[in-house]
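This briefing goes through a few parts of one protein structure. Look at the sequence and the 3D view first, then read the points below.

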4 protein chains.
Amino acid sequence: MRKLRMGMIGGGIGSFIGDVHRKAATLDGMIELVCGAFSSTAEKSKASGKELLLPEDRCYGSFEEMILKEKELPENMRIDFVTIVTPNHMHFAPAKLALENGFHVVCDKPMTLTVDEARELEKLVKSTGLLFALTHNYPGSPMVKQAKAMVDNSELGPIRKVQVQYLQGWMATAVEDSGNKQASWRVDPSKSGVGGALGDIGTHAHNLVEYITGLQIKELAADLGRLGKGRVLDDDGNILLRLENGAKGTMSLSQIAVGEENNLSIRVYGEKGSLEWHQEKPNELTTRWLDRPKIIFTPNGNSLSPISLAASRIPAGHPEGYLEAFANVYKNFATHLNALMTKTEIETPDYPTVSDGVRGVQFIHAAVESDKHNAAWVGLD
Amino acid sequence: MRKLRMGMIGGGIGSFIGDVHRKAATLDGMIELVCGAFSSTAEKSKASGKELLLPEDRCYGSFEEMILKEKELPENMRIDFVTIVTPNHMHFAPAKLALENGFHVVCDKPMTLTVDEARELEKLVKSTGLLFALTHNYPGSPMVKQAKAMVDNSELGPIRKVQVQYLQGWMATAVEDSGNKQASWRVDPSKSGVGGALGDIGTHAHNLVEYITGLQIKELAADLGRLGKGRVLDDDGNILLRLENGAKGTMSLSQIAVGEENNLSIRVYGEKGSLEWHQEKPNELTTRWLDRPKIIFTPNGNSLSPISLAASRIPAGHPEGYLEAFANVYKNFATHLNALMTKTEIETPDYPTVSDGVRGVQFIHAAVESDKHNAAWVGLD
Amino acid sequence: MRKLRMGMIGGGIGSFIGDVHRKAATLDGMIELVCGAFSSTAEKSKASGKELLLPEDRCYGSFEEMILKEKELPENMRIDFVTIVTPNHMHFAPAKLALENGFHVVCDKPMTLTVDEARELEKLVKSTGLLFALTHNYPGSPMVKQAKAMVDNSELGPIRKVQVQYLQGWMATAVEDSGNKQASWRVDPSKSGVGGALGDIGTHAHNLVEYITGLQIKELAADLGRLGKGRVLDDDGNILLRLENGAKGTMSLSQIAVGEENNLSIRVYGEKGSLEWHQEKPNELTTRWLDRPKIIFTPNGNSLSPISLAASRIPAGHPEGYLEAFANVYKNFATHLNALMTKTEIETPDYPTVSDGVRGVQFIHAAVESDKHNAAWVGLD
Amino acid sequence: MRKLRMGMIGGGIGSFIGDVHRKAATLDGMIELVCGAFSSTAEKSKASGKELLLPEDRCYGSFEEMILKEKELPENMRIDFVTIVTPNHMHFAPAKLALENGFHVVCDKPMTLTVDEARELEKLVKSTGLLFALTHNYPGSPMVKQAKAMVDNSELGPIRKVQVQYLQGWMATAVEDSGNKQASWRVDPSKSGVGGALGDIGTHAHNLVEYITGLQIKELAADLGRLGKGRVLDDDGNILLRLENGAKGTMSLSQIAVGEENNLSIRVYGEKGSLEWHQEKPNELTTRWLDRPKIIFTPNGNSLSPISLAASRIPAGHPEGYLEAFANVYKNFATHLNALMTKTEIETPDYPTVSDGVRGVQFIHAAVESDKHNAAWVGLD
């Protein structure tokens with residue numbers, strides 16, 4: 001075994017998410033960053049690469065240059081996969097080019113701007129046999145995996161109701177007007193796509209519902225808000241959900257919920273039991289039951305399912321957080337890629353795929369469509 | 001001053017809510033129970049009265065008998081007001097008769113089965129000048145009053161978003177088939193009205209939103225569930241809200257949310273700050289701010305508004321609960337009634353009125369109407 | 001059955017604890033307040049009685065007058081028991097006189113100033129056959145009763161470790177110098193006795209340990225603080241505990257712990273399981289286990305012991321608090337007294353007795369003695 | 001700048017703490033692992049090195065071999081520092097040898113078995129001018145740094161009282177008899193030293209008190225337990241504390257507290273304010289005040305001190321945990337070492353030093369001595 005070689009697209013120094021991806025990818029010692037097209041100019045890209053202690057000739061001025069030049073490198077040097085951490089509008093092209101040139105892909109969410117693009121990537125993945133991981137990090141949390149396992153094992157019974165919310169407050173004021181780069185591209189439809197909060201946080205909420213319940217959201221009715229002055233994209237949303245098995249629910253999204261930091265929370269109610277998880281206190285999974293008292297699970301604690309245990313690195317009571325969950329996506333992707341490269345048979349590791357990416361883009365478009373029609377029901381397909 | 005004399009309609013021994021009303025009404029020593037029409041027969045009513053240590057001749061076989069006979073008693077004996085704690089379909093008639101015969105009224109929610117009945121009571125209250133309190137108990141909580149005061153004082157800025165949920169699990173199975181009387185009338189439209197969970201818990205959620213924000217819900221879109229086998233009334237609901245000032249929100253209701261006990265929770269987001277309150281942990285009000293850390297208020301703690309301080313009986317750190325909040329409705333009603341009887345000028349005490357009752361019935365009907373039309377928007381007026 | 005007639009000693013209008021006792025005693029409709037010696041002068045006592053709507057001739061100028069005059073009243077009028085809610089130095093004399101004149105007694109803690117007085121009351125109770133309840137209210141909480149039941153049923157296994165703390169901050173500054181009556185008698189040894197915080201809150205912590213574990217504290221080593229300027233009595237304490245079965249623990253007390261409201265908390269560790277309870281969030285009992293996840297019990301929730309269920313008045317999820325727990329002491333005392341008066345055989349109800357009172361006074365004196373000798377070990381007997 | 005080169009002593013594959021150190025050291029991209037003496041034999045050491053993808057010739061059979069051979073390597077290859085992650089008895093010798101051969105040292109706690117050894121290392125550090133970091137990880141937490149800053153800034157006023165506890169349950173049964181290696185060396189005095197839980201977790205609690213308050217514990221009175229069958233070292237302890245400024249407190253330690261995972265918690269009370277932090281929920285710092293409501297700080301949230309902000313990597317609401325705090329010790333050490341190597345003037349970064357190591361060993365010995373004399377007071381110096 002050797003470390004997998006990763007090339008990063010986007011994520012120049014100063015970018016929040018670039019740093020997160022670098023730390024998450026390398027945490028388990030299975031992956032090393034060997035090159036990057038970190039910024040829109042060769043000069044900036046090299047400056048970032050220098051801080052990252054990369055050789056100058058592996059710092060590229062564009063993703064095209066990186067992909068094509070890396071392809072020319074000897075097999076024992078060139079990257080195994082690219083990781084795409086650019087704003088939304090810059091996901092599709094590099095992902096497509098990487099797949100077309102034989103590189104596996106890790107890509108940030110939302111996967112693409114349009115459903116057509118998403119479907120095109122899905123087809124490419126299928127036809128090339130390459131791996132594709134979408135970095136929804138929350139399913140990487142040990143307690144989310146425990147939640148999923150309990151639903152899968154029918155411990156909760158058939159699911160009847162879901163409540164999910166993803167509330168942030170950092171865009172409550174016009175931060176995009178005062179030089180906040182994170183905010184400025186997010187409010188720009190040419191970079192963010194048709195959804196604002198929908199794409200940025202709504203896709204996480206959508207994915208979490210489908211991941212834990214194993215059920216697809218069949219239709220939704222969305223009432224969106226554009227509360228920041230001059231904003232054309234949603235920064236708030238209230239959505240009714242109907243799942244494929246008849247279960248119903250609500251989704252509440254906001255980036256203008258003053259004082260909320262990163263409050264992604266979910267409750268799932270079955271016929272026999274229910275569960276509750278809060279991202280900001282990720283090391284607890286609360287479960288409730290028809291005829292038993294409330295039971296709280298903790299990572300690496302008693303009575304966990306194997307997929308939850310596998311997702312924890314350290315003993316119970318030693319809190320793991322955002323980064324560790326994020327790293328689990330890379331770890332499971334790397335495990336899969338290693339198995340593929342060494343032709344080892346393994347059970348497919350658990351990480352979000354290109355199909356989850358398609359679902360996410362469908363979700364954004366359905367919600368925008370519904371909102372245009374005064375929260376009429378719109379299907380996701 | 002003397003104790004106010006109360007006659008109870010409904011609430012025979014064994015009734016949960018009758019006992020709650022008796023304890024709440026008498027907690028502050030301002031009210032005494034002097035008579036009752038506790039049950040549907042004189043015999044049962046007398047049996048309940050005996051346990052309550054009431055004289056036999058003040059235990060009546062019907063509300064009509066009670067109201068008419070009490071009216072004949074000397075002024076220094078007869079009741080000052082009736083309290084109506086029967087199932088929903090038995091609110092209107094006794095309330096009307098009491099008002100018509102000069103008695104003040106305390107009445108459980110939802111106030112009536114129809115909006116017309118509700119409006120009729122509202123007119124009667126206006127024309128008679130009698131007092132009418134509706135027992136929404138949650139506005140009686142010191143932390144809810146603090147929440148209201150902070151919104152009233154513009155500390156949160158204009159309200160932008162509301163999330164409210166009222167989740168219970170006690171009807172997750174077919175409890176109405178196994179002799180649970182609380183359940184059996186609630187699933188019966190002839191007793192409960194057009195709303196099931198809507199009337200039982202939804203009206204509390206609705207009232208809490210309007211009480212804290214000081215804003216009316218202008219329209220809603222409701223997707224209701226009837227999940228218990230054979231149930232014709234809703235036992236679950238997911239509702240989009242639009243408030244009169246343009247704020248939006250979600251309401252999630254359930255009586256089949258397995259394992260939930262009495263989870264009424266609310267979050268209100270303004271432009272400058274936000275707040276969060278959970279009925280099951282009523283002695284905390286969490287507030288969040290643009291530029292300050294999270295601040296937690298506690299009853300009788302530091303920095304509270306006068307209406308919150310007035311609603312606590314004991315020093316900070318000594319938890320008050322459901323009953324104490326409930327008693328605040330009676331206490332404020334009694335204070336008002338005393339002032340009226342003694343012709344004392346006071347600021348009108350803070351308790352839910354007949355107009356809140358009208359709003360609640362409108363809410364139920366709007367939600368049922370919306371649900372019939374696949375969650376179309378329906379106005380509340 | 002009839003309501004039991006109670007006469008109150010102390011607790012004039014304005015007194016925090018007098019009001020608590022009145023509400024707690026009458027909450028369940030088993031007891032009525034019929035007379036009182038509320039204050040040190042007949043005039044003040046009558047003023048208090050007037051506000052309480054008592055007849056003037058039942059408002060006495062001293063406890064002696066009350067006890068002796070009530071004794072002369074016809075049996076169907078006179079009090080059944082006295083409740084003593086005065087500062088500490090005024091417990092012994094009225095309790096003694098009441099017992100000597102055939103009245104049952106409810107008495108606040110700490111029971112007396114000296115161990116000799118405590119033992120004298122214990123003997124009197126034994127020789128007269130009268131009932132004596134000590135108002136430690138915390139054992140009245142449904143979750144504390146659940147804790148006790150779980151230890152009694154050996155669910156936790158033999159107890160190995162105890163941690164208890166009772167932390168308040170209201171005396172962090174010199175409140176006794178600015179007219180706070182609650183504070184001024186507490187810092188005065190002639191009224192409070194040899195212990196300050198020890199008597200006021202330490203006895204609650206001591207009682208809670210012995211109640212839940214069923215084990216006596218055998219010896220202790222106390223390091224007390226007198227941090228308020230000029231205070232001669234302890235307002236803070238750190239204590240090592242050894243229990244009769246060899247278990248050990250710590251007790252931390254404070255009335256100068258800035259910002260703490262009424263933080264009484266306990267943790268008990270056995271060989272197989274452990275439990276944790278916080279007075280400020282009384283409606284949860286957290287339990288931890290060798291081989292199961294954390295389990296949280298709630299009042300009237302699933303899987304409770306009978307003594308816990310009996311201590312709740314309302315359905316799960318409707319929070320009960322300080323007052324309700326306090327009322328359970330009166331309710332159980334009243335149930336016992338009713339059984340005694342009607343010569344009914346019942347299992348002795350669960351409330352703190354004169355013997356718990358003796359233990360509490362022993363605890364205070366042992367801690368003071370230990371502190372005098374630089375935290376040397378001192379036995380409690 | 002280049003990555004600092006680290007050689008690890010101990011921490012073979014399978015070791016919990018070795019893996020933690022590797023992840024923590026490399027998280028921020030400032031350090032790389034280049035060699036190791038991972039196990040007691042060359043063969044095992046090479047096996048671990050292979051899994052870690054290290055070249056075989058940098059996997060040594062002993063710490064002596066590693067230190068001496070690395071010294072011979074060219075400057076641009078050889079290690080900059082060693083990190084010692086062996087059981088307690090194997091800290092002193094490698095630390096001494098490393099310092100004597102010019103290598104900086106990172107060392108696990110407790111630093112040495114005896115106070116003399118600890119003092120010898122302290123002298124060596126002073127005389128060589130080399131850097132020495134002790135891996136108390138909890139001071140690396142952003143909220144602990146906030147706590148320290150608030151005390152340093154006199155926001156709490158003079159400290160009056162401290163409560164600290166470190167409770168685990170994993171040794172509640174005789175795990176050392178069933179092949180648990182973590183347990184077996186910890187119960188063996190030849191490897192663990194005179195303290196069991198004292199050294200393993202007590203030193204963390206001790207360090208946390210002194211770090212946050214800036215005050216030394218002057219004397220203590222310890223009542224230790226050896227509850228596991230056949231254990232000669234303490235697995236439980238209850239300790240009274242006296243701080244240098246007259247403040248007092250309690251420390252409660254346990255590794256037999258059934259069901260506790262890693263419950264390190266601290267409360268510090270000053271004259272004006274107090275604070276509370278729980279390691280298992282590290283992303284909250286609760287503060288309480290004389291005249292303000294409770295205020296909760298969060299990492300990267302509003303109103304933080306610079307040293308707290310510097311210790312967070314990701315935006316507020318994205319939980320950081322054990323590993324991130326641990327990595328802060330390495331990061332600050334690496335920052336210091338970089339400055340030293342590049343002769344840059346910087347403010348000395350905040351990490352535990354050799355002097356903290358001396359204090360920790362003194363603490364263990366004082367507690368053992370006190371316990372031998374029935375919890376008599378013993379000084380720490």
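**Contacts between chains, and some local details**

A:Lys294 and C:Glu284 form a salt bridge, with their closest N and O atoms 3.8 Å apart. The model is a predicted one.

**Chain A and chain C**

- Between chain A and chain C there are 2 salt bridges.
- Strand S13 of chain A (residues 294-297) gives the largest share of the side of chain A that touches chain C, namely 4 residues.
- Across this interface, 8 residue pairs are in polar contact, both residues being at pLDDT 80 or more.
- In terms of contacts, 12 residues of chain A meet 12 residues of chain C.
- The two chains bury about 920 Å² between them, and carbon and sulfur atoms give 52% of that area.
- On the chain A side, A:Pro293, A:Lys294 and A:Asn302 lose the most area to chain C, together 53% of what that side buries.

**Chain B and chain A**

- Here 44 residues of chain B are in contact with 44 residues of chain A.
- The area buried between chain B and chain A is about 3,400 Å², with 49% of it on carbon and sulfur atoms.
- B:Arg160, B:Lys161 and B:Val258 supply 20% of the area that chain B buries against chain A, more than any other three residues.
- There are 10 salt bridges between chain B and chain A.
- A:Asp223 forms a salt bridge with B:Arg242, and the closest N and O atoms are 2.9 Å apart.
- The count of residue pairs in polar contact between chain B and chain A is 28, with both residues at pLDDT 80 or more.
- Several strands of chain B each supply at least two residues of the side that touches chain A, among them S6 (159-167), S7 (217-225) and S8 (236-243).
- Strand S9 of chain B supplies the largest share of that side, 7 residues.

**Helix H2 of chain D**

- Which residues of helix H2 (residues 42-51) of chain D are buried? They are D:Ser45, D:Ser48 and D:Gly49.
- Seen down the axis of H2(D), these buried residues fall within an arc of 100°, so they line one face of the helix.
- In general, an α-helix has 3.6 residues a turn, so residues three or four places apart point the same way.
- The face of H2(D) turned away from the buried side carries the exposed residues D:Glu43, D:Lys44, D:Lys50 and D:Glu51.
- Strand S2 (31-37) of chain D is included in what covers the buried residues of H2(D).
- D:Leu53 follows H2(D) and has a positive phi, near 65°.

**A buried serine in chain C**

- C:Ser265 lies in strand S10 of chain C (residues 263-270).
- C:Ser265 has a relative accessible area of 6%, so it is buried.
- The side chains of C:Ser265 and C:His278 are joined by a polar contact of 2.8 Å.
- Leaving aside neighbours within four places in sequence, C:Ser265 is in contact with C:Gln163, C:Val164, C:Gln165, C:Trp277 and C:His278.

**Cysteines**

- A search of the whole structure finds 0 disulfides over all chains.
- A:Cys59 counts as buried because its relative accessibility is 2%.
- D:Cys59 is in no disulfide either, and its nearest cysteine sulfur, that of D:Cys35, is 8.2 Å away.
- D:Cys59 also counts as buried, at 2% relative accessibility.

Notes: Residues are numbered from 1 along each chain as its sequence is written. Chains are lettered from A and ligands numbered from 1 in the order in which they are written. This is a predicted model: local features need pLDDT of at least 70, side-chain atom pairs count only at pLDDT 80 or more; totals for chains, interfaces and linings use all residues. Side-chain values use heavy atoms; hydrogens and water are left out. Buried means under 20% relative accessible area, exposed over 50%, partly exposed in between (1.4 Å probe, protein chains only). The arc is that of the directions from the helix axis to the C-beta atoms. Contact means heavy atoms within 4.5 Å. A disulfide is a pair of cysteine sulfur atoms within 2.5 Å. Buried area is the accessible area (1.4 Å probe) that two parts lose on being put together, summed over both. A salt bridge is a side-chain nitrogen of Lys or Arg within 4 Å of a carboxyl oxygen of Asp or Glu. A polar contact is a pair of N or O atoms within 3.5 Å; within protein, one must be able to donate a hydrogen and the other to accept it, and residues adjacent in sequence count only if both atoms are side-chain atoms.
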